[in-house]
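Please read this report with the sequence and the model side by side. Each section takes up one part of the chain.

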Amino acid sequence: YSSWVESGEIDLSQFTGVVYIGFKYTSEKGGQGFTATYCVDNVNIGGADATQVPDDKPSTGSLTFRKASQVVSGKRYVMVASGKLAKAVSGSYGYLNVEDAVTEGDEVTLTSLANAFTFTTSGEGFTIRQENGKYLAMKGTFNSFNVYDTPQEMNVFTVTFNADGSAKITNAGTGKTIQYDKSYSSFGAYTDQRGVMPTLYEQVD
């Protein structure tokens with residue numbers, strides 16, 4: 001990169017309520033020998049001490065999720081069963097593939113929110129939204145999930161908690177319950193008991 005250039009202070013006092021801040025740049029020339037990207041760093045909003053400049057190298061950080069015993073609307077959760085963490089559906093439909101969960105006690109640690117799901121109250125249950133904005137839904141007789149940009153038919157799930165702390169997440173339209181099927185190494189939703197119900201972990205603020 002070239003030398004860092006400070007923007008100086010920007011007065012936001014004229015705004016009220018929720019304020020969205022974006023960064024935009026225009027590159028007039030591209031290709032070898034020309035700058036085509038910019039890096040924005042050390043953004044200080046509010047009352048933080050501007051003299052404490054962090055290291056130029058961004059930290060990887062970690063995101064902590066703690067075992068949940070209830071679902072709070074608007075919160076992010078991850079689903080874990082048998083040491084496997086459910087991953088978001090990458091296409092327009094499919095099962096929830098898995099990766100190894102990094103757990104310690106009642107907590108799960110992630111380095112990205114890509115596989116977090118936001119539960120939001122809807123009618124008698126919840127919608128489940130992936131971090132990419134897609135909503136999980138059930139369609140027809142399939143045991144896999146469809147995903148949509150907006151809430152669709154059969155996208156509401158009820159949640160109750162079992163005695164062992166696992167969560168029974170049931171699609172209200174089909175009656176199918178989300179379970180981890182070891183034989184396929186994925187999460188699907190089934191009418192019968194064929195797998196392990198997930199434990200929900202809520203993101204720690």
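## Basis of the model

This is a predicted model, in which local features need pLDDT of at least 70, side-chain atom pairs count only at pLDDT 80 or more, and totals for chains, interfaces and linings use all residues. Residues are numbered from 1 along each chain as its sequence is written, and side-chain values use heavy atoms, with hydrogens and water left out.

## Nonpolar cores

A nonpolar core is a set of buried Ala, Val, Leu, Ile, Met, Phe, Trp, Tyr and Cys residues joined through side-chain atoms within 4.5 Å. Buried means under 20% relative accessible area, exposed means over 50%, and partly exposed lies in between (1.4 Å probe, protein chains only). In soluble globular proteins, nonpolar side chains tend to be buried together.

The largest nonpolar core has 26 residues, and Leu96, Phe119, Leu136, Phe145, Ile169 and Leu200 touch the most other members. Strand β2 (residues 75–81) gives the most to this core, with 3 residues. Another core, of 9 residues, lies apart from it; Val78, Ala101, Val108 and Ala116 are among its members.

## Strands β14 and β15

Strands (E, at least two residues) and helices (H or I, at least four) are DSSP runs, numbered from the N terminus. Two strands pair if DSSP finds at least two bridges between them. Strand β14 (residues 177–181) pairs with β15 in the antiparallel sense over 5 bridges. Threonine 177 stands opposite tyrosine 190, and tyrosine 180 stands opposite phenylalanine 187. The two strands form a hairpin with 4 residues between them, and serine 185 in the turn has a positive phi of about 55 degrees. Strand β15 also pairs with β5 (residues 96–100), in the antiparallel sense over 2 bridges; here asparagine 97 stands opposite serine 186.

Why is β15 (residues 186–190) described as largely enclosed by the rest of the structure? The reason is that 5 of its 5 residues are buried. Ser186, Gly188 and Tyr190 lie on one side of β15, with Phe187 and Ala189 on the other. Strand β14 is likewise largely enclosed, because 5 of its 5 residues are buried.

## Asparagine 115

Asparagine 115 sits in the loop between β7 (107–110) and β8 (117–122). Is this residue buried or exposed? Asparagine 115 is buried, with a relative accessible area of 12%. Its side chain reaches the backbone nitrogen of alanine 88 at 3.1 Å.

Technical notes:
Polar contact = N/O pair within 3.5 Å; in protein donor to acceptor, adjacent residues only side chain to side chain.
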